[in-house]
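Let's take a friendly walk through a protein model together. Have a look at the sequence and the structure, and then we will go from a single residue to the whole chain and back again.

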Amino acid sequence: MRFRSLAVLGTVAITTTAAAALPVAGTEPVKCSESDVTPDGRVFPEPILTETFIRFPEFECGIELLDSVFPDFIDIDVLDESSSGLPIYDVVMTDEQLPEDDKQHLLVINSIHGNEPAGREGAFRVIEDMVDPWRLGNEDWVRELLDRFVVHFVFANPDGWVNGDVHGDHGAGNIMTRRNDGNRDLNRNFPVQGYLRASNGTLDQPEGRALDALLLEHAVPNADSDAAGYDGWYLGTDNHGQGPKTVAASGLQIVGEFDFEKSERLAHFADGIEPAMAEYGVLDVIEQLNQVTDGAVRPYEWGTLYDILGYSASGSGIDYYNTPGVVNGTGFATEMTASNAPYNALTHPGLVNQMWVNSVRAINYTMFKDALDPPSYTYPVGGAAAYVFDPERVRHDDANGFGPGNESIPGDFTGDDANVDPDFQLRRYDVSRMKFFEDLNRYADQPLDAIRVPDVLSGEVDLSTYDSVVLTEDAMPEAGDHSAWVTALRSFAAGGGNLVVTDAAAPILADLFDDIEPGDISMQRRNVGYVDFGDRSHHLNEGLRGVASQTYDVIPIGYPDNNGQAPNWRVATAAWDANAGYTAGTNGNGQTIYGEKPLGDGKVSFLGALLPQPTEDYFHPYGLQNYAVTYTGYTLLENMLDHTR
C-alpha cells in the first residue's frame with residue numbers, strides 16, 4: 001500500500017561535521033530486513049555515511065526489501081543473464097493498482113559502463129525516495145508520475161560492477177571494468193540507424209539483446225508521444241561517469257532525426273537540471289567538497305555529446321532509444337565527474353558519492369517532472385519563407401545501393417546473434433534531407449513553402465513574394481539554365497530578400513558576389529559539423545545555449561564517428577568580410593562558416609554545416625536517417641530566417 005513505511009530516521013544533514021560524528025557503515029551498508037540498522041535508517045543509506053559503493057549482493061537484498069515493503073509500486077524483473085551469468089535487473093516502478101495498458105514508459109539506464117558507479121549509486125536512492133512516504137513517496141508529483149507512467153531502472157552491466165566489488169581492496173583482479181565479461185563495450189552494442197562499426201559486435205552480447213528486447217517490447221515506432229492513448233516510450237536518461245572535471249555533471253544532448261519539438265524537449269530537460277541541483281542538495285555538497293579539497297567544482301554544463309566529450313559514438317544505447325521509427329523514445333545522457341572509478345573506494349568517499357547521488361536525483365527528477373508537464377514549442381520564422389526542394393532521394397536500391405562494405409556482411413559484424421544471423425537482411429531505407437523542412441513545418445509559426453528550380457525559371461514561382469529562401473547542399477538541385485538561376489537568386493536578394501545558403505550549396509556564393517572568388521570557397525572534412533562562435537551579442541548568435549558548437553551529427557546520416565569525414569564548407573574570412581560582410585562563426589583559422597553579407601537591398605546568410613544529404617559511402621546495415629541537426633543548428637537557422645523585407 002502507498003502509506004507503508006520503513007522505520008526510518010529523518011533526513012540526515014549532509015555536512016562534514018555531521019558525517020564525522022555519525023557511525024560509518026561497515027561491509028553491509030544496506031538493510032536486508034526491516035530489523036537491520038543503518039546509520040540513517042534508510043535501506044540504502046546516504047553515501048555521506050559510507051566508505052564504499054553498494055555491492056551487487058547488497059543491491060539485490062536492499063531492492064528485495066523495498067519490493068516486499070512496497071509491493072504495489074515495485075516489481076523486480078530479470079531481463080536475462082549477463083555474459084558471466086549474473087541477472088540483468090529491470091526494477092519497474094508504477095502504481096500497480098491502476099492498469100498499465102495505457103501508461104507511457106520512462107527509461108533510466110544505470111552504469112552501462114561498469115566502472116562508472118555514479119548512475120547506479122544514484123538509482124538505488126531515487127527508487128527508495130520515490131516509494132517511501134517519509135521521503136518523496138507522498139508528494140503529489142510522485143503519485144501522479146506512478147499513476148501515469150511505468151518507470152524502468154535498468155542495471156545493464158552487472159559484470160563490470162561485480163569485477164571490482166570488493167570493499168576497500170585495491171589489489172589486482174578487483175577492478176570494476178567498463179566492459180562486460182564478454183569484453184564488449186555494451187554502450188556500442190546496439191543496432192543504430194546510420195553508420196555502424198562492424199567491430200562493435202552489434203547485439204552479440206546477452207546484455208545488449210536483453211535491453212533491445214525490452215525496448216522493442218514497449219516501442220510504438222511511428223506514433224506521436226503526445227497523442228491520446230500513446231503507451232510507448234517517452235523520456236529516458238542514461239547516467240554515466242567521466243574522468244575528473246570541474247563540473248559535477250555534464251548533460252549530453254543526443255542528436256539524430258529529431259524534429260524541432262523533440263530537440264527542444266531535450267534542451268528543456270537539459271536546462272532544468274541545474275536549478276534542480278539546488279533543490280536536491282548538490283550545491284551544498286559541492287561547497288563542502290571544494291572546502292575539503294581546495295577545489296573549484298561547479299555544478300553543471302550541457303551540450304551535445306561532441307560538444308562535451310569531443311567525440312561521437314556509434315551503437316550507443318541512448319542513441320538507439322531515440323531512433324525514429326524503431327524505439328521512438330526521447331532520451332538524454334549525463335556524465336558525473338570523477339566517476340571512472342576502478343576501485344570500490346574513493347579519496348573523499350562520502351562527499352564525492354553524495355555529489356553523484358544528489359546529481360542523479362536532480363537529473364531523474366527533472367525528467368520525471370518534464371514527463372508530467374511536457375512543454376510544446378513553436379518555431380519562429382521571421383517572415384514568409386521557402387526552401388528550394390531537391391527531389392533526389394537516397395535509397396537502398398539506388399545506384400550506390402548500400403554502399404561499399406554493405407554488399408555483404410563484413411566478417412566481424414555479428415548481426416542479431418552470437419554469429420551472423422543467416423536470415424539477417426540489410427535494412428531498407430528511403431531518405432532525404434528535405435524531410436527536415438517537412439518536419440519543421442509542423443511547428444513553424446509560418447510554414448516554409450517548397451519551391452522548385454523549374455518553377456522559378458518559368459516564372460510560375462515569384463521569389464519576391466518571400467522574405468527568405470533557403471538553399472541547402474545543392475546550389476541548383478534540378479536541371480535548368482544555371483546563369484538564369486543565379487540571376488534569379490541575385491535579384492531576389494538585391495531586391496531586399498534574404499538568401500540562406502548552407503552546406504555544399506556554398507560554391508554559388510562566388511556567382512553571387514564579385515568580391516568572392518571560387519578559390520575562396522573550400523570544404524574541410526571534420527569529425528562533425530561545427531561552428532566556433534564569435535560575438536554572442538550579435539543577432540545571428542542570439543539564443544545560443546549550453547556548450548554550443550556542433551551543428552549536425554554524423555552517425556545518423558551515415559558518416560563514420562571520429563574519422564574526419566563530415567563536410568564543413570567555408571569561405572575565406574577576408575573575402576566574406578569585404579564590403580560589410582559579417583563573420584558570426586569560424587571553422588579553422590581565417591575561415592568563415594557562419595555569417596551574413598549584404599547584397600543590394602537584401603543579404604545572403606551562410607552556414608556551411610547544417611543539413612548535408614545522407615551518405616551511402618560507409619557501413620550502415622540498419623539503414624539511414626534523414627537528417628541530424630543539433631539544437632544549435634536549429635537556433636542558427638532560426639536566427640538566419642529572422643528577416644523581413
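Is S111 buried or exposed? S111 is buried, with a relative accessible area of 2%; here buried means under 20% relative accessible area, exposed means over 50%, and partly exposed lies in between (1.4 Å probe, protein chains only). You can find S111 in the loop between β3 (104-110) and α3 (118-131). Its phi is near 55 degrees, a positive value in a residue other than glycine.

Before going on, note that this is a predicted model, in which local features need pLDDT of at least 70 and side-chain atom pairs count only at pLDDT 80 or more, while totals for chains, interfaces and linings use all residues. Residues are numbered from 1 along each chain as its sequence is written, and side-chain values use heavy atoms, leaving out hydrogens and water.

Now look at D503, another residue other than glycine with a positive phi, near 55 degrees. D503 sits in the loop between β14 (498-502) and α15 (509-512), and it is buried, with a relative accessible area of 1%.

Next, step back to the whole chain. The protein chain has 17 helices and 22 strands; these are DSSP runs numbered from the N terminus, with helices (H or I) of at least four residues and strands (E) of at least two. Buried residues make up 62% of its 645 residues. Along the principal axes, the C-alpha atoms fill a box of roughly 85 × 55 × 50 Å.

Two helices deserve a visit. The axes of helix α8 (residues 282-293) and helix α11 (residues 349-372) come within 9 Å and cross at roughly 160 degrees; axes are lines fitted to C-alpha atoms, for helices over the stretch in contact, and angles run from 0 to 180 degrees between N-to-C directions. The contact (heavy atoms within 4.5 Å) involves residues of α8, including V282 and V285, and residues of α11, including L351 and V352.

Helix α8 also holds N290. N290 is buried, with a relative accessible area of 15%. Leaving aside residues up to four places away in sequence, N290 touches G295, A296 and V297.

Finally, how many of the 10 residues of helix α17 (residues 631-640) are buried? Nine are, so α17 is largely enclosed by the rest of the structure. Among these buried residues are Y631, G633 and M640.
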